[in-house]
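Open the model in your viewer and keep the selection tool at hand. Each stop below says what to pick and what to look for there.

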Amino acid sequence: MGRGQRAGSDAVLRVDSRRHYRSIVRGEGIYLYDSEGNRYIDASGGPILCNLGHGIAEMAEALAEQAKKIAFVYRSDFTTPALEEAARKICELTGFAMKKVFLVSGGSEANEIAVKIARRFHLERGEGSKYKVISRWLSYHGMTQGALAWSGMPTRRRDYVPMLKDDAHIPPAYCYRCWFGLEPSRCDLQCARALEHEILCQGPENVAAFIAEPISGMSLCGAHPRADYFRLVREICDEHGVLLVLDEVMTGFGRTGKWFAYEHFGIIPDILTLGKGLGGGYFPVGAVAISEKVAKAIEDGTGIFSPGYSWAGNPLGAAVISRAIDYLKEKGLVERAQKMGRYLGARLKEELSPHPTVGDIRGLGLMWGVEFVKDKVTKEPLDPKLKFHQRVAHRALDMGLFIESSGGCERGKAGDMVMFGPPFIVTEDEIDQMIELFERALTHEEEMLTAQEGP
Ligand SMILES: Cc1ncc(COP(=O)(O)O)c(C=O)c1O
């Protein structure tokens with residue numbers, strides 16, 4: 001059997017039940033190996049998650065050592081040295097801008113808890129009318145009911161909208177297709193000012209929090225606002241007593257070349273959510289870190305924050321987080337993400353810009369998105385029926401390159417993107433290999449498009 005053959009069991013409910021899935025049996029560095037001995041470059045670290053690289057024995061050992069000591073105790077009644085250590089280390093990485101940490105098992109859970117903490121904060125201060133959450137269109141905060149409601153990604157929300165309790169969404173910070181028709185060099189940050197309009201319309205006395213990704217994940221693949229966007233957002237939130245929650249589930253822990261993406265913007269959030277790379281890619285973990293202002297409101301008030309999940313604060317996740325932090329530090333991988341990110345961005349621009357379908361290349365650190373269009377001048381998207389992003393990604397996989405793709409950036413109706421987000425250990429030579437394979441896949445699909453269109 002070659003690449004693309006059906007993996008053994010059919011008892012799995014798959015993303016696409018008509019597709020054949022390769023069975024991955026091992027990983028090493030940036031490479032994945034399937035049961036047929038084929039090798040794939042993991043150009044996206046899974047869904048921008050495997051930050052450290054595959055097959056690191058120390059990470060597996062950290063998990064095994066903790067499991068032998070104690071695999072689980074319930075956080076309502078006990079604590080563990082592993083939990084204390086992981087929480088302290090996360091706070092330390094923020095320079096103690098964050099004072100307390102609540103560990104969960106993933107990004108969606110982190111956002112659910114973050115919003116409950118925001119509500120708790122207002123309740124403690126006697127502001128019981130504050131409960132609404134404002135977020136942005138073309139954002140993604142997770143698949144649980146609350147997180148999906150705050151997400152503004154029409155393609156992922158569509159089928160579930162009748163089940164969601166919806167708050168409010170404001171326009172995204174999406175300079176390539178600015179919803180206000182402006183250029184970043186000549187705008188007055190209308191996308192940030194929209195937050196104030198929305199707070200005023202909802203009534204500041206009703207708004208608990210604003211949640212946003214500092215650099216967009218799969219909904220806009222690497223799009224980021226002008227450098228002063230979050231300073232204005234911070235001011236607006238402070239003015240109206242609204243907590244600023246930054247969702248760094250994808251961007252946190254070095255992905256953008258700094259420990260946290262908020263550092264690029266010169267602001268500090270009230271609440272920070274983490275996931276994905278927090279455990280390096282070795283265990284399902286997430287975290288909510290809160291500033292002194294938020295922690296103090298709870299401590300000086302009832303002192304109680306009871307919501308949570310059975311597995312919250314478990315020592316296995318905590319041990320993996322601590323080891324991942326040490327590993328990132330020992331190997332200087334955050335600095336490396338910055339350096340390799342500069343190389344990746346420059347090489348992508350050099351090699352892909354001339355392609356007829358490449359409309360925009362954007363990103364920061366080791367998080368770079370490519371957006372495809374039908375017309376580079378008008379930015380008209382490709383026909384969504386073509387599923388161009390999937391076709392390119394599937395072609396790349398056939399050639400030995402895994403890349404994460406996404407659609408719907410043009411208001412959910414159309415738009416094709418891919419995201420490069422390799423593990424931080426990637427070398428320049430491996431980046432060159434990645435781009436070469438990707439370019440071959442893209443060229444092939446572009447030729448197919450031309451052939452389809454005919455003379
Ligand atoms: C920015 C962001 N927030 C939240 C989530 C949800 O995290 P999880 O899939 O771990 O629940 C994701 C996942 O893609 C994400 O990219």
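Two strands pair here if DSSP finds at least two bridges between them. The helices (H or I, at least four residues) and strands (E, at least two) are DSSP runs, numbered from the N terminus. You are looking at a predicted model, in which local features need pLDDT of at least 70, side-chain atom pairs count only at pLDDT 80 or more, and totals for chains, interfaces and linings use all residues. Residues are numbered from 1 along each chain as its sequence is written.

**Stop 1: an open sheet**

Select residues 358-364 and 367-372, which are strand 11 and strand 12. These two pair in the antiparallel sense over six bridges. Zoom in on L364 and you will find its bridge partner, M367, in strand 12.

The four strands form an open sheet in the order 11-12-15-14, with antiparallel pairing. Which strands stand at the edges? They are strand 11 and strand 14; each has a single partner strand, so one side of each is left without a neighbour in the sheet. From one strand to the next, the twist averages 25 degrees (angles run from 0 to 180 degrees between N-to-C directions, and axes are lines fitted to C-alpha atoms, for helices over the stretch in contact).

Helix 11 lies across strand 11, strand 12 and strand 15, and runs at about 175 degrees to strand 11.

**Stop 2: two domains**

Colour the chain by domain: domain 1 covers 24-55 + 334-453, and domain 2 covers 58-330. These bounds come from an automatic or database domain assignment. Taken over C-alpha atoms, the centres of the two domains are 26 Å apart.

How many residues of domain 1 are in contact with domain 2? There are 34, and they meet 32 residues of domain 2; a contact means that the C-beta atoms, placed from the backbone, lie within 7 Å. Strand 14 gives the most, with six residues.

**Stop 3: a helix pair**

Select helix 2 (residues 57-69) and helix 10 (residues 315-330), which pack at an angle of about 145 degrees with their axes 9 Å apart. To see the contact, show side chains including M59, L63 and Q66 of helix 2, and L316, V320 and Y327 of helix 10.

**Stop 4: a strand covered on both faces**

Go to strand 9 (residues 271-274). I271 and T273 on one side, and L272 and L274 on the other, are all buried (20 or more other C-beta atoms within 10 Å of a residue's own; exposed is 12 or fewer, and partly exposed lies in between, with C-beta atoms placed from the backbone). In a regular strand the side chains alternate between the two faces of the sheet.

Strand 8 (residues 243-247) runs parallel to strand 9 and is joined to it by three bridges. Strand 10 (residues 286-291) runs antiparallel to strand 9, with four bridges. Centre on L272: L246 stands opposite L272, and A289 is its bridge partner in strand 10.

**Stop 5: A147**

Finish in helix 5 (residues 145-150), where you will find A147. Is A147 buried or exposed? A147 counts as buried because it has 26 C-beta neighbours inside 10 Å. Leaving aside residues up to four places away in sequence, A147 touches S108, N111, E112, H141 and G142.

Methods
Two residues are in contact if their C-beta atoms, placed from the backbone, lie within 7 Å.
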